[in-house]
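Biologist: Please put the model up, and then let us go through its chains and a few residues by question and answer.

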Amino acid sequence: MNNLIILPIIIPLFTAIILIFFNKNIKVQKWISAIASFAGIIISSVIVQRVHESGIQTLAVGNWKAPYGIVLVADMYSSLLVLTTSIIAFTSLLFAFSTISHDREKFFFYPGVQFLILGVSGAFLTGDLFNLFVFFEVMLMSSYLLLVLGSRKIQLQESIKYILVNVISSALFVIAVAYLYAVTGTLNMADLSVRISEMGQSGYITVLAILFLIVFGLKGAIFPLFFWLPGSYQAPPTVVTALFGALLTKVGVYSITRVYTLIFYHDPSFTHQILAWLAALTIIFGAIGAIAFWDIKKIVIYNIITAVGVILFGIAANTPEAVEGSVYYLIHDMIIKGALFLLVGVIIAITGTSHLRKFSGLIASHPFLGWMFFIAALSLAGIPPFSGFVGKLKIVQGGFEAGEYTIAFIVLMSSLLVLYSVMKIFIHGFWGEPKEELLVQKKSPKGLLIPIVILIALTTAYGLGVEWISPYISQAADTLLDPTIYIQAVLKE
Amino acid sequence: MKTNDLILQTATKVVVFIIILFSWHLFFSGHYTPGGGFIGGLLTSGAIVLLLLAFDLKTVLAFLPIDYIKMTATGLLIALLTGVGSFFFDAPFLTHTFSYVDLPILGTTSLATAVLFDLGVYLVVIGVTMTIIQTIGETE
């Protein structure tokens with residue numbers, strides 16, 4: 001009995017419902033959604049602390065015991081992700097207040113954001129495979145709304161693609177769950193893990209593991225399945241892209257991590273090897289995309305793909321160091337992608353274009369913005385005092401320990417290309433002579449800078465305070481490395 | 001030229017009540033026999049769609065002045081609150097309970113709080129269906 005851990009799901013749901021009633025009153029909408037998402041941050045920090053002090057928290061919804069009812073499980077990994085989600089939600093909302101146009105706000109933009117947060121937090125907290133599917137759908141349907149809201153031509157065009165891909169992957173998800181249910185007769189993740197380890201991972205289960213990899217890979221944009229992402233993420237306003245880039249793909253990554261560490265971990269020489277190579281190819285293709293484009297939004301979008309590859313390689317290498325590194329890197333990446341997209345949003349708001357060749361010399365008129373971008377870029381690439389460093393270091397170290405020298409080397413090289421791709425924005429956009437037409441549009445982006453300052457401060461603190469954060473992260477990694485901790489907490493054996 | 005659909009309209013006036021009664025029957029019998037909030041809500045909105053077919057949008061709005069979006073939100077709120085209600089009894093979210101109550105006319109009936117959750121589902125289904133149909137109907 002522990003109703004605390006359902007609050008990250010209930011609060012956004014309640015807020016979204018209330019916001020529907022106030023859909024014409026924009027001021028009330030803004031206040032309610034800001035207060036609710038700030039409450040979300042507090043609640044999820046309490047959950048993180050509670051999990052840290054007294055172990056995994058579970059809640060049997062409706063008082064039906066573990067394998068029979070739906071269980072919500074907050075282990076350290078998922079509660080840290082819920083906390084990061086609520087921080088991203090809060091900062092994105094602050095950014096949305098001054099960038100989203102009135103007609104969008106009147107057509108349920110803020111309820112859409114709240115439903116998105118509900119889906120993401122639910123997907124992180126659930127301990128049931130079909131419930132995970134339901135939360136995926138909640139998240140995806142609100143992302144359809146946010147993607148198409150405003151109905152410009154490009155948004156309509158890209159949402160058709162996005163919806164088509166996601167409907168197909170959801171159908172595959174249902175089929176995969178049906179197969180797994182037919183084999184094991186249960187849908188609770190902990191119970192699944194127990195039954196599979198009892199019957200041994202046969203070829204049939206391995207096929208299902210690959211099927212789940214395809215399903216979650218489509219959501220999380222890994223190598224052959226990322227084709228839908230660059231276009232779809234470019235269409236909506238930047239704040240929506242920030243929410244998508246920071247949260248949606250990470251839910252796919254989280255699900256791959258969860259099923260590959262909890263359920264399908266008995267035949268790593270096959271399943272994890274495939275995952276490792278797909279991760280490597282994801283990194284390579286993401287890096288190629290990031291250096292190829294001159295559109296600042298596209299550059300950051302391709303950096304999402306690279307990061308997904310890096311995180312998944314940490315899971316695939318499956319050594320204590322690598323898994324810990326991947327937890328570090330996942331949280332770092334959510335924060336920094338949020339910050340980068342918001343920065344890109346400010347740049348677009350100032351210059352009126354996202355094309356890098358059309359503006360330069362921003363540092364002269366906006367020095368603060370420029371140096372914040374610089375910090376974000378160094379942090380993204382993993383330069384030591386900042387947050388990207390520890391995660392990547394541990395992932396590479398774990399990769400070498402696991403004997404994956406080639407892929408670990410690819411991870412190292414990718415940092416260089418990632419650094420090049422964002423420095424290209426800094427050098428061409430911020431340095432150089434200010435172009436003439438820029439002097440005309442010298443808007444002051446003050447309100448827009450606050451959420452970015454919060455995120456940059458957080459990522460710097462995350463980098464500098466690794467010592468302080470590490471007990472939390474290693475607790476998360478311990479649960480991922482040893483499924484019995486999770487199983488015992490859920491099934492109470 | 002407007003066609004004369006007197007037969008359709010007269011038949012509708014009779015049939016709509018039968019459909020709505022049947023949908024309520026399905027709604028309330030969901031605990032023990034096939035039925036429930038989803039199919040009940042679909043059938044009720046089916047009755048309203050029949051009204052829309054026989055009359056036009058304005059007429060139907062005139063005697064059923066319902067904001068279906070608010071109705072959806074109300075349904076969601078009811079469903080959520082039945083879940084949250086368990087908090088006050090120190091039970092996990094969505095824990096339901098039931099008891100046997102002697103009602104004046106119906107006799108001993110089992111009243112379950114799950115019905116309140118189903119009422120939420122019922123309202124959401126009607127709200128969503130009617131919003132979809134009305135929005136498509138209004139668009140030129």
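Modeller: Read from the N terminus, chain B has its elements in the order α-α-α-α-β-β-α; helices (H or I, at least four residues) and strands (E, at least two) are DSSP runs numbered from the N terminus. This is a predicted model, in which local features need pLDDT of at least 70 and side-chain atom pairs pLDDT 80 or more, while totals for chains, interfaces and linings use all residues. Residues are numbered from 1 along each chain as its sequence is written, chains are lettered from A and ligands numbered from 1 in the order in which they are written, and side-chain values use heavy atoms, without hydrogens and water.

Biologist: What is the radius of gyration of chain B?

Modeller: The C-alpha atoms of chain B fill a box of roughly 65 × 35 × 25 Å along the principal axes. The radius of gyration is taken over C-alpha atoms, and the globule rule is 2.2 Å times the number of residues to the power 0.38. For a compact globule of 140 residues the value would be near 14 Å, but for chain B it is 18 Å.

Biologist: What percentage of the residues of chain B count as buried?

Modeller: Buried means under 20% relative accessible area, exposed over 50%, and partly exposed in between (1.4 Å probe, protein chains only). Of the 140 residues of chain B, the buried ones make up 34%.

Biologist: Where is A:Ile336, and how far in space is its C-alpha from that of A:Ile88?

Modeller: A:Ile336 lies in helix H14 of chain A. A:Ile336 counts as buried because its relative accessible area is 0%. Its contacts (heavy atoms within 4.5 Å), not counting residues up to four places away in sequence, are A:Ala376, A:Ser379, A:Leu380 and A:Thr459. A:Ile336 and A:Ile88 are 248 residues apart in sequence, and the distance C-alpha to C-alpha is 9.8 Å.

Biologist: Is A:Asp191 buried or exposed?

Modeller: A:Asp191 is found in helix H8 (residues 189-199) of chain A. Leaving aside residues up to four places away in sequence, it touches A:Pro67, A:Thr186 and A:Leu491. Its relative accessible area is 9%, so A:Asp191 is buried.

Biologist: What is the phi of A:Ser151?

Modeller: A:Ser151 sits in the loop between helix H6 (129-148) and helix H7 (153-184) of chain A. With a relative accessible area of 47%, A:Ser151 is partly exposed. Although A:Ser151 is not a glycine, its phi is positive, at about 40°.

Biologist: Which loop holds A:Ala221?

Modeller: A:Ala221 is a residue other than glycine with a positive phi, near 60°. A:Ala221 is buried, with a relative accessible area of 1%. Its place in chain A is the loop between helix H9 (203-220) and helix H10 (229-234).
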